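Here are some notes to read alongside the model, for someone opening it for the first time. Have the viewer ready and go point by point.

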Amino acid sequence: MPDTHFEPFVHLVDLAPDRALIAWGGFWFRRDDSDGRWQVVGDDELGDLDLGRTGSIGARSEPYGSAVVEVFDRSGDIVAEARTDTGNHVRVDGLSPDTGYRYRIRVDGLPWAEGPRMDWGPVPRGGLDLRPGDRAYDLRFRTHPSPDVAVPLDFAVLGDYGIGVLTDTGSGRRQRQVADVLDRLTEEPGVRVVITVGDNVYPSAGTRGSQGSGAQDSDWYGSFYQPYRYALARVPMYPTVGNHDTSDAESSDDREQIRDNFHTDARFTPEVAGSRASADPGMFYRFGFGADVEFVCIDTSLSRELPTEHFFEDPGHQDFLDEAFPDDGGAGRWWRFPFSHHPAYCAGPHHPNTAAMVERLVPLFARAGVRAAFAGHEHNFQLSRVDGIDYFVSGAGGKLREDPPEGFGPAGTVAWAAQAHLLLARVDGDTLTVTPLTAVGRDGAAERLTPRAPDGAVVEVPFVVRRDR
């Protein structure tokens, strides 16, 4: 049997009413000499298999060849295409708002990632390994609606994914369960947007020559590209930065890999997004979905090289925050959703309220008519309700802390649970519903998490937030 294998990946990076940003790449594998199992080849060893290659995927990866991306309408006609000889991503323009399309990638004239893919799973000799699968990519997307048209929106919130799916640990099993939920939710006509609330990459097992938690593309394979591969080909993810993505919790700052794998320079810098973005230091941006929904990403990580404690306290971001949260009571947008890694209100057990957020950001939320905010960091589910705003904590996409919180009172907690999960949120007119989902059941439906109140009573889901126009 061959001792090397290349597995291609597809990444629908971003969508707008009239365009799509589409990327592709892949990972090399070698069989381990000791047990014959597959291991992801680290970036430092890629040149042994593909001369001159230093990266597998992302904005900076070396091209795999001359590529064309073709977009088809529902009748099968090509309606747009884009070409590149210098990279592994293109922007396809000339699309119509709120319209479903299929797409195809060809590299050097050959289809990219066509046919059944290899997947990671149980093998007869025990444990997990890369094995032939029976599933192929379903390459389709639906553009966002025009900014003057209000349409219902289903979106998912996912954070603190875990250490990856290459080992059969508790964290790995939980991450696979939650990834299965996300996969199911992105099936048509489901979730249109995925919001990540940080800690996008952790140290991942099964990688040859890995240098850290996110310092190489190969670190992202087990904890990001593999578990979410089919969802990534259909729905864009909008990230924020967590402490495990920075030097807050790791020996090195992995922001460059965040920028690379999420293509943030092409999406969220002032050069391309104008006043809707503020970057360096930190990552701040906002984007709309139709006429009545806007998401605002806030970088809440620590700023060790600045006079301020957090990036959001840097005066250079004040204009962005003032524009993102105007003193209009929400009249400009019915729904403004701030999302960050650190939560303003949190009952623990490991992390308390973030005092600087309560002091500096919560008043901005209030004046702008915010009704719900999303964060991660604490590895459980929590809902705090303070002064008319619901603060959701969703930090158990794979990581999990089962100890009960102790700071219910200061956090304004109304519900919590120690289960791995993601959040399914739906905006429809003046109503937001939020449902924590934990796994896909035997009947194929996503199972709801069972939260409890601080006194131990079961709290029914979904959670409903209403907004008066």
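**Notes on a first look**

1. Let's start with Arg135, which is partly exposed, its relative accessible area being 26%. This is a predicted model, so please read every value below as computed from it. The partner of Arg135 is Asp183: their side chains form a salt bridge, 2.5 Å from N to O. Arg135 belongs to the loop between β10 (128–132) and β11 (140–142) while Asp183 belongs to helix α1, so the pair ties together parts that are 48 residues apart in sequence.

2. While you are at helix α1, check its length. The helix covers residues 170–185, and its 16 residues should span 22 Å at 1.5 Å a residue; the end C-alpha atoms are 23 Å apart, which agrees. Which residues of α1 are buried? They are Ser171, Gly172, Gln175, Val178, Ala179, Val181, Leu182, Asp183 and Leu185. For reading such a list, recall that an α-helix has 3.6 residues a turn, so residues three or four places apart point the same way.

3. Back to salt bridges: the structure holds 34 of them. One of these joins Arg30 and Glu45, with the closest N and O atoms 3.6 Å apart. Here Arg30 sits in strand β2 and Glu45 in the loop between β3 (38–41) and β4 (67–72), so the pair ties together parts that are 15 residues apart in sequence.

4. Arg286 and Glu294 meet through their side chains in a salt bridge of 3.0 Å, N to O, and both residues are buried. There is also a network: salt bridges link Arg60, Glu256, Arg259, Asp265 and Asp280. I'd show those five residues together in the viewer.

5. Now the rings. How many aromatic pairs does the model have? The count comes to 41. Take Phe29 and Tyr221 as one of them: their centres are 5.2 Å apart and their planes 80 degrees apart, an edge-to-face pair. Phe29 is in strand β2 (residues 20–31) and Tyr221 in helix α2 (residues 217–225), so this pair ties together parts that are 192 residues apart in sequence. Both Phe29 and Tyr221 are buried. Compare Phe408 and Trp416, a tilted pair with 6.5 Å between centres and 45 degrees between planes. Phe408 is buried at a relative accessible area of 18%, and Trp416 is buried at 16%.

6. Rings also take part in contacts with charges. Arg53 places its charged end over the ring of Tyr64, 3.8 Å from the ring centre. Likewise, the charged end of Arg229 sits over the ring of Phe9, at 4.2 Å from its centre.

7. Next, some backbone details. Most residues other than glycine have a negative phi, and most peptide bonds are trans. Asp108 has a positive phi, near 50 degrees, and is not a glycine. It lies in the loop between β7 (100–107) and β8 (110–111) and counts as exposed at 53% relative accessibility. Asp160 has a positive phi too, about 50 degrees, and is placed in the loop between β12 (153–158) and α1. Asp160 counts as buried, though, with 0% relative accessibility.

8. Stay with Asp160 a moment. What does its side chain contact? The side chain of His379 makes a polar contact with it, at 3.2 Å. His379 comes from the loop between β20 (372–375) and β21 (381–386), and at 10% relative accessibility His379 counts as buried.

9. Last, the cis peptide bonds. Gly348 and Pro349 are joined by one, with omega about 20 degrees; Pro349 is in the loop between β19 (335–339) and α7 (355–360). Another joins Val461 and Pro462, with omega about 10 degrees, and Pro462 is in the loop between β26 (446–448) and β27 (463–466).

Terms used
Residues numbered from 1 in each chain as written. Predicted model: local features only at pLDDT ≥ 70, side-chain atom pairs only at ≥ 80, totals over all residues. Heavy atoms only, no water. Phe/Tyr/Trp six-rings, centres within 6.5 Å; stacked < 30°, edge-to-face > 60°. Helix = DSSP H or I, 4+ residues; strand = E, 2+ residues; numbered from the N terminus. Buried < 20%, exposed > 50% of the residue type's maximum accessible area, 1.4 Å probe, protein only. Lys NZ or Arg CZ within 6 Å of the ring centre and 35° of its normal. Polar contact = N/O pair within 3.5 Å; in protein donor to acceptor, adjacent residues only side chain to side chain. Expected span 1.5 Å × (residues − 1). Salt bridge = Lys/Arg side-chain N within 4 Å of Asp/Glu carboxyl O.
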